[in-house]
Each structure stands twice: as C-alpha cells, then as structure tokens.
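User: I have just opened this one and would like a walk through its local details. Can we start with the backbone and then go to the rings?

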Amino acid sequence: MSHLLKQFKLEDKFLGKYEKLVVEQVIPYQEKALNDQIPDAEKSHAIENFRLAAQKLSEGNCHEDFYGMVFQDSDVAKWLEAASYSLLNHPDGELEGRMDELVDLIEKAQHKDGYLNTYFTVKEPERRWTNLQEAHELYCAGHMMEAAVAYYEATGKDKLLHVMEAMAEHIYHHFILEKAEGYPGHPEVELALLRLYDATGNEKYKELAAHFIDVRGVDSDYFKREAKERGWTVWNMNAEDKEYAQNQSPVREQKKAVGHAVRAVYLYTAMADLAVKNDDHELMEACSTLWNNIVNQRMYITGGIGSTCIGEAFTKDYNLPNDTVYAETCASIGLMFFARRMTHINMDSQYADVMERALYNTVLAGMQLDGKRFFYVNPLEVIPGISGEAVTHKHDLPQRPKWFGCACCPPNVARVLTSIADYAWSETDSTVYSHLYVGGSLELGESKNAKLHVYTEYPYEGTVVYEVETKKEKTKFSLAIRIPSWCQRLSVKVNEKEVFARVSPNACDGKEDKTMIKEGYEDRLEVSNADGQRVKIEKGYVYIDKEFSDGDKVELSMDLSPYRVYSNPAVGANSGRTAIMRGPLVYCVEGADNDDDVLGLTFLKDSAIQVGKYDEKLLSGIVPLQIHGMRLQGTEALYTVKRPARVPTEIRAIPYYAWGNRGLNQMRVWVPEE
C-alpha cells in the first residue's frame, strides 16, 4: 500500500461519489455475495470454502465439497483488500470486526507447512503444485498477499500478514530451496511478492518474484511437459498455446503483448516494479516495448484491452472489433497497475494519460451506477437480440448481471476505487506529482511541512486549484502537474499570474494562436522569473518549483470542448466512423436517447458538437452532448439497389461509463460520419 493512501483524504464530487458508493453499497453487497446472500444471483460459496477447508484440517473431513472456480479464494482476498482501503478514510468497527473473523477463518484453513488454498485442501489434497498451468495456486496466494499487506497497513493487525508470510516461505522452500520447476500459469504472485517485500523488507520475497519472472519462458515447453506428467486437468487448457500464458520466450525477449490480457498486464506490472527495484535496464526496455505495443496498436479508445473472447486475449495489431470485443474490466485495471509502475521507470505523462483513460471509461463502466451489477466484458457496440445471444456474441452482454460464477471483476473495481490516491499522486523528497485531478487534501512528506488542498469538479469542469497550507513560514518543493494529451488549450497560473499556456494547432483549425503561448515555454525547458520562481516543462508535466507560502495557489485550467477522434485506418472496424470525447470521457450514443435506434445514425462531419448543461438527475449526474446528424430509413429488404432515405436528426450522446443503466438498449461508441 502506498503511504499516500493514508495521507490523502478524498473530497471529490465525482470520484468521491464512487468511493461513497463502494463504501456504503458495493463492499456490503459483495460481502453478501461472497456469503451467498444475494437472491437470484450466481452462487459464490467463496467464504464457505474456507469453512470447509478449516473443518477438513481440524476434523479430517468436511460436510460438503468445494464449490466454484479453482481460483474462488481470490474473490475473498480482493474483497478484503478493498475493505481495508475503505477503513482508512471510513473507519467502521463492525466491518473491521467481521474482517477479523474472516481472517481468523483463513488462518484456520492454513496447513501447518504454510500452504493455503481451499480448492486443494478440500478437493485435491494430493495434487498441490502439480498443475501450475491451470490451477491458480500462485494466483490465489498473490491476491491474499495483497490483501494481507493492505489489511496490515490499514489496521496495524498482522495476523493475515503472518499467514501469508508463512505461505510465501512455503512457496520459497518449494521453488527455490527444493528447486521445483515451473512458473505461474496466471501471473499475479510476482507483483504481490514485491508488495510483500515492500511491507516487510524480507529479501526472499523479492528473490522469489524475480525467480518467477526470470524463468518464465526459458523452458517454453514446461506446461506441455507438466500436462503430460500430471494426468489430470481443471480446464483442459491447451499447453501448446504458449502465447496465451506469455511463456513463448523469456520475458526480456517478448516484443508483442499477447495472450490472456489480464495475465499479461499483471506480469508486465511485476516486471516494471522489479526493474526499478533491481535497476534492471534490460527489463525496463522490455516493459517499454510491451507498453508501446499495447497503447499504440492493441488498446481500445476506452482503455479496454483484449480483443477476443477466445482466451480473453490480445490478437493482432489493429484488430479491435467493437461488437465482439472482450475488454475485461480486470484487464483495464491491470493496465492501470502497469501504467502506475511505468511512472517509476520514467515520469512521463503518457502513463497517467492511459491510467485516466482506463479509469474514467472501462473501469467505471464495469459497475452499474447503483453498485449492484457488474460487467465482466465491456463492448463498444451492443445490439439487443444479437449481443449476449448470438453464438459469436454470447460474452458481450447488453446488461450487467448481479454477480458471476467467475467474479474477479467486481471486487477488483472496488479495490481500485478505494485506493485512488495511489494512482492520483506520487511523491519524492523534492517533488509532488499530480497524475490525476482528484479533489481532496494531501498531507505531504515530513521534509515539506505542508498540505495540498485540491478543488475541482473534474471531469465535467476543467479547473483544478492546488492550494498550499504550510506548517511554517515557507516551504520549498516542486509541484509537478500533468498536461493531459487530450487537452488542446490549457493554462497554468501561480497566484493568479499565468506562467504557462498551450494551444495545439488542432484547436484552432491549423492556425496556431501564438499570443497564447508564452515565449520560450518548450518541452524540457527550464526558466526562472524575476521572483526566482522556476517553471519546467518536461515529458508532459509542468513543474512549479518555488518556496511556497501559506495560501499560495496553483491553478490549472483546461478547455473541455468536445472533440472528434478518428482511428488508424488499419482498424477496419472503425472505417468511416468517428468517436466523440470530452476531456477524458469517451461518449456513446444509446437507444434511450435516440428513439431506441442507433444503427441508422450518422454524424455530419461539419456539425458542431453542442455541450448540454450538467444534469444531476440524469444517470447520477452527467453532461450530455448533442450533434446534428442523419437517420437512415430502414427497408424490409435485406439488400436493395435504392439508397436509403435520410432524414435530419439530433443525436444525443452520454459518457460511455454510464451506458446500460436504463434497461435494454442499443449502444455505439464509433458512429459513421458523412
């Protein structure tokens, strides 16, 4: 857990609403789901599995069989992690008491040798560590390690931490001391071990994480050999498909993001973290190569990744279908993890740009506005009657279910939204980095003797004010504020004096308004004014370096005019189509706003995009957009030589994250333009 989670108090109108929703609705709802207390929802049985494992260890047998996915334990771990973050800013003695009881139960389900996994304890006790490809033992261990660190740092209670230290010691003994072959089928434990290392300082955990990263793909036939030797299966997975599990080659030699998207970004996250800890430049370069492939050839406009349901996977460069997309919610969360670790390698705004894109679009879309339904898959085009029904579209549901048998996404969303400070901020001895624009107050490190108060109504308003509260007369540090790549016009003021302004040529139809650009403010330039205040622009951040006095204010003003986005021509699914964005928000057209039919709509290319007023009653508060367009009139014939009639219409658009909250609807992000 970042120390920033303890230092930041969220007071944000938009994300604060989501945090409140998670704390008051989602965490209690998911707790009920894990205890099978949600009527008409898919059964979880996850907590009951721990009771069965504890009974098996104490009595030698249990009254029923394990139920659920082989990785069902991880749902409990992610819920514990989310609830731990919730306790930081929203103390709740009753919730903490129930969490303590759950931790006690988890401890009782642990073997004396440290091993912890309810599937193998209850169902397959003789088969532990024989199916790394499919059985998710290391994956479940990783998520419980993350929960243990979060709970320890939130509450100071170390029981679960000791449980998972014992499990880590067990894994270390098996794979390092006993030299057992293999590596995780589903990466996760690697990044978790590094978090455990940060929390405890135990070098074994970093060594073990490095081992799993370094051996992956060196023996690319390991899973094939394991499948042949073990003689049993969970999923009947294809061990010949090496790209699926990112074991086709050693990680430092991998050039393309391939295979299962969640597994990939969890692996890349750990690689980036380890690269920094070990100052491993070769590993850093591999991370950069994989990052560039994702964001430049394999990422959706919404920050979704994973183009196909077959393997929940990446496919090929520019293969980004909208209606059969997978774009798992967990994959975008993993992309946020990867982006955050990449800022440790290179403080470049491109990483925060992607964090923001994934968060405000796919991650938020993964949860219904009432916090009680969730998307696993996040399509960019939905047609009721086809989506969720046609054999090719079964996975692209037009409405969010209450729960899933494979319920990795709901608690993943909860743990991100309750730890938003870790994505919004970074701090070094001399610099505070503002990656995301989130209202609240941040207690800075001891050397700075100050607190930052942030005031904003982002993402629906473009002004962000940073006010410094000092604990002594003056304090010197640098405040680095991200310049978002989507913003074509912005300015930065210090105590109402403009120190930086930017206008993109695209913002003024190719005619650059030089009067709005301060002379000399170029990328990587550093200047000082008469007061000795230094301003530096480097890699997409504006650095305000000064002696701050109490009450000093830095103001970022961003133009939130909506804009059209066009994709690379190689993305065949978007040929002749455009998308609309405003700030970080991708917009979509939904049937509820457009006479229940979006398939016949086209945008007029020269039509201005009108910005509506903020409507707090519409979809929990949004700014709708409107654009002139045409509606093609349908015919009864499947094909016709007659051009369809076209009638003018006003097309209304809403933020993508809010779609699917008003019943069964057609929906499109990419709309034809004429």
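Analyst: What follows covers backbone features first, then aromatic rings and charges.

Analyst: This is a predicted model, in which local features need pLDDT of at least 70 and side-chain atom pairs count only at pLDDT 80 or more, while totals for chains, interfaces and linings use all residues. Residues are numbered from 1 along each chain as its sequence is written, and side-chain values use heavy atoms, with hydrogens and water left out.

User: OK, which residues does a cis peptide bond join?

Analyst: Tyr 458 and Pro 459, with omega at about 10°. Pro 459 is in the loop between strand 6 (450-456) and strand 7 (463-470). Helices (H or I, at least four residues) and strands (E, at least two) are DSSP runs, numbered from the N terminus.

User: And what about phi at Glu 312?

Analyst: Phi of Glu 312 is near 50°, a positive value. Most residues other than glycine have a negative phi, and most peptide bonds are trans. Glu 312 belongs to the loop between helix 13 (281-297) and helix 14 (329-345).

User: Is Glu 312 buried or exposed?

Analyst: Buried, because its relative accessibility is 18%. The cut-offs are under 20% relative accessible area for buried, over 50% for exposed, and partly exposed in between, with a 1.4 Å probe and protein chains only.

User: Where is Leu 619?

Analyst: Leu 619 is in the loop between strand 19 (609-611) and strand 20 (625-632). Phi of Leu 619 is near 50°, also positive, and Leu 619 is buried at a relative accessible area of 9%.

User: Switching to rings. How many aromatic pairs are there?

Analyst: The count is 28. Rings of Phe, Tyr and Trp (its six-membered ring) pair if their centres lie within 6.5 Å; planes under 30 degrees apart are stacked, over 60 edge-to-face, and the rest tilted. Tyr 183 and Tyr 222 have ring centres 5.7 Å apart and planes at 50°, so that pair is tilted.

User: Which parts does the pair of Tyr 183 and Tyr 222 tie together?

Analyst: Tyr 183 is in the loop between helix 8 (159-177) and helix 9 (189-200), and Tyr 222 is in helix 11 (residues 222-230), so the pair ties together parts 39 residues apart in sequence. Tyr 183 and Tyr 222 are both buried.

User: Last one: what sits over the ring of Tyr 543?

Analyst: The charged end of Lys 536, 4.5 Å from the ring centre. The rule is NZ of Lys or CZ of Arg within 6 Å of the ring centre and within 35 degrees of the ring normal.
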